[in-house]
Structure formats: structure tokens, C-alpha cells
Amino acid sequence: MKNSLDDTIVAQSTKPGESAIGIIRISGKNSIKIADKIFKAKNNKTVKSMPTYTIAYGIIEDENGEIIDQVILTLMRSPKSYTTEDVVEINCHGGLLATKKVMELAVENGARIAEPGEFTKRAYLNGRIDLSQAEAVIELITAKTEQSLKIAAKNIKGETGQKIKNLKKSLLDVIVELEASIDFIEEDLEITPYEKLKEKTMILSKEIKQLLEDEKKGELVKNGIKVSIAGKPNVGKSSLLNALAKKEKAIVTHIPGTTRDAIEEIIYVEGIPVILTDTAGIRETKNIIEQIGVKKSIEHIEESDIIIMMIDCSRKLEKSDENILNKLNGKKIVLCINKIDLENVIDVKKLYKI
């Protein structure tokens with residue numbers, strides 16, 4: 001049977017497992033009715049008689065009158081709830097069996113298990129939040145840094161959605177004025193000059209570009225900046241990864257081609273996750289395993305936001321160095337000159353001309 005928005009849904013809002021509290025949330029037109037069937041308040045009042053935004057202490061009973069748990073029930077009546085529907089939250093003692101049994105009783109009495117994200121979906125469809133706020137909910141939950149938490153918190157307030165609404169209104173105003181100037185060109189009406197409309201359009205264009213740029217920055221903060229360490233074999237890529245990660249993440253030897261596969265490590269720079277990848281040295285090789293490693297290196301380079309290009313200053317520049325730099329066209333590159341404790345045999349200035 002196809003799920004409907006008219007269904008009353010139930011789900012555990014806290015992570016399953018042993019904990020102090022486990023919260024079961026019920027939302028929909030029959031949530032109060034279902035709660036009254038399984039909950040008995042200490043003061044003998046029904047859930048139906050409770051005012052909105054109130055709590056009650058009592059017990060959960062099964063169909064045989066057996067006590068399942070002592071709980072606290074919270075009621076949020078429509079439309080002033082997260083989903084805009086009647087919402088009942090039952091705070092159980094945390095544990096797999098107690099919360100599972102409460103959910104089973106809710107289902108037996110007319111609810112169905114909610115789909116993943118269905119409470120937020122209903123909040124969006126019922127007009128409680130806009131799409132940017134709905135997306136911000138999962139961003140807030142999965143935030144791993146203070147920076148990404150701040151961005152999600154701003155979006156959940158609806159700031160991004162409000163900016164988009166304001167831009168849409170301003171664009172519609174320009175379109176209306178433009179159409180009026182065309183449709184009523186022969187009428188003796190005061191119309192906005194084209195230069196003025198052009199000026200408004202340019203301002204709106206800049207605001208839209210800025211909004212998109214801010215969103216890109218936000219994505220980098222949330223998802224991390226991908227940085228690949230590239231170069232030919234034995235220039236010190238793995239040593240750099242270990243130094244930045246502050247641990248022996250990659251094997252380091254004097255033998256060229258030690259790294260055959262990409263090695264990743266996440267570090268945080270001013271609260272922003274940086275996904276560092278030590279790639280296999282890029283060179284022409286007949287070794288099948290090394291060829292696969294080189295292919296993977298190129299793939300990582302293509303997917304990265306920034307490339308750290310390592311050059312060994314104790315070795316003369318080779319065709320392979322030029323080939324690697326040519327593969328980095330259009331990428332943001334940080335040149336890293338390594339082994340400066342040895343004799344320098346390259347002209348660093350020439351690297352910028354390649």
C-alpha cells in the first residue's frame with residue numbers, strides 16, 4: 001500500500017541503543033487518539049484533554065494492561081508543531097526493548113513507521129519550513145565543525161530562503177516594469193527608463209552571483225576542501241602528508257614508487273576540514289600495478305580543489321615534471337619545493353613559466 005500524507009507516522013527521534021532517554025515521536029491526525037490508547041497519566045487525565053505545549057507523567061501499557069515503561073509525554077497541537085500536525089513525543093527510558101515496544105504499540109493502534117526524513121518532509125510540504133531550511137536540518141545534524149554548524153544554523157533560521165524570496169520579488173518587479181514599457185509604449189504613462197532597469201538588473205545579477213559564491217564557500221566548509229599532493233616518484237609526497245597529519249600515515253622509503261594507492265587523511269584548518277590525499281608518483285612505467293596507481297592519481301587530481309605540486313630541488317627538471325604541470329591546467333596549485341637541505345639544481349622561477 002502506498003504511504004499517504006494523511007497517515008499518522010511514528011519514529012524514534014533519538015539514536016537507537018542504550019541511553020538515559022529514548023524519544024518516540026508520533027505525528028498526524030490520529031496521534032492524540034493513539035497516545036490515549038497506550039498512555040495512562042498519573043493524574044488520570046487523557047491526552048485529549050491536555051492543552052498544547054504541556055507534559056504529563058505516566059506509564060505506557062500494552063493491550064493486556066502490562067506496564068512497559070514509565071514515561072513523560074509532551075503534546076504539541078496543530079498547527080503550532082514542527083510538522084504543523086498534532087505531535088506527541090514520548091520520553092522513555094533509553095534502551096532497545098522499551099523504545100521498540102512503544103513503537104510497536106503505536107503501530108498496532110493505527111500509526112505506521114515513518115520514512116527516513118518524513119517529519120521534515122511534512123514540515124516542508126505543510127509550509128512550516130522552506131527547502132533551504134529542510135536541507136539545513138540534515139546539515140545541522142551532521143555538522144562536524146563549528147564553521148559548518150554556524151552555516152547550518154543560519155540556514156535553518158531561513159536566511160537563505162528569505163534572500164531568494166527577496167531576489168525573486170525584485171526580478172519580478174523589473175520584468176513587470178519592462179513589460180509595461182513595451183505594452184504601453186504609445187500610452188501617456190510614466191515608465192521606468194531602460195537605463196534604470198538595466199542598472200537594477202546589474203545589481204540583482206551581482207547579488208545572485210554573490211549568493212552562489214557564498215553557497216560554494218558553504219559547501220567547502222561542510223564537505224571539506226579536497227587537496228591532492230602530486231609529483232613524480234620519490235619527491236617527498238608521503239613525507240609531507242605525514243608531516244601535515246602529524247602521524248605516520250604513509251610508508252616512506254628511498255625507493256621510488258613506494259606509494260601505489262591514494263592515501264587520505266583529514267585535517268582541520270581553522271575549523272574547515274581539509275581532505276589530504278597522497279597520490280602515487282606520476283611517471284611512465286611498465287609495471288601494471290604502478291600504472292593503476294598513476295591512473296588513480298590523475299583521477300584524484302581532477303577531483304581536487306587544490307593541488308600541492310611537489311618538486312625535488314636536488315634533481316633537474318624532467319619532462320615528467322612538465323607533463324604533470326600540464327595536467328594541472330585550470331587548477332589552483334601550490335608549489336612545494338622539497339629537499340632544500342640538498343644542493344639546489346633548479347631555477348624555481350622557471351617553474352612559473354611552464
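A residue is counted here as buried if its relative accessible area is under 20%, as exposed if over 50%, and as partly exposed in between, with a 1.4 Å probe and protein chains only. By this criterion, 38% of the 354 residues of the protein are buried. The model is a predicted one, in which local features need pLDDT of at least 70 and side-chain atom pairs count only at pLDDT 80 or more, while totals for chains, interfaces and linings use all residues. Residues are numbered from 1 along each chain as its sequence is written, and side-chain values use heavy atoms, with hydrogens and water left out.

The secondary structure consists of 11 helices and 12 strands, taken as DSSP runs (helices H or I, at least four residues; strands E, at least two) and numbered from the N terminus. With contact defined as heavy atoms within 4.5 Å, 59% of the contacts between residues at least 6 apart in sequence join residues at least 24 apart.

A nonpolar core is a set of buried Ala, Val, Leu, Ile, Met, Phe, Trp, Tyr and Cys residues joined through side-chain atoms within 4.5 Å. The largest such core has 24 residues, and Phe39, Val47, Ile60, Leu73, Val88 and Ile90 have the most contacts inside it. At least two residues of this core come from each of β2 (21-27), α1 (31-38), β3, β4, β5, β6 and α2 (96-108). Beyond its neighbours within four places in sequence, Val47 is in contact with Ile32, Ala35, Asp36, Phe39, Leu73, Leu75 and Arg77. A second, separate core of 12 residues includes Ile282, Val294, Met309 and Ile346.

Helix α8 (residues 237-245) has Lys237, Ser238, Leu240, Leu241, Asn242 and Ala245 as its buried residues. These buried residues pack against β8 (225-230), β9 (263-269), β10 (272-278), β11 (306-312) and β12.

In helix α6 (residues 159-183) lies Glu177, which is partly exposed, with a relative accessible area of 21%. Not counting residues up to four places away in sequence, Glu177 touches Thr192, Leu197 and Lys200. The C-alpha atoms of Glu177 and Leu197 are separated by 7.9 Å, the two residues being 20 apart along the chain.

Most residues other than glycine have a negative phi, and most peptide bonds are trans. Tyr53, in the loop between β3 (39-41) and β4 (54-61), has a positive phi near 60°; this residue is exposed, with a relative accessible area of 52%. Lys339 has a positive phi near 65° and is located in the loop between β12 (332-338) and α11 (348-351). With a relative accessible area of 22%, Lys339 is partly exposed. The peptide bond from Ser78 to Pro79 is cis, with omega near 5°, and Pro79 belongs to the loop between β5 (67-76) and β6 (87-93).

The charged end of Arg25 sits over the ring of Phe119, 5.3 Å from its centre; the criterion is NZ of Lys or CZ of Arg within 6 Å of the ring centre and within 35 degrees of the ring normal.
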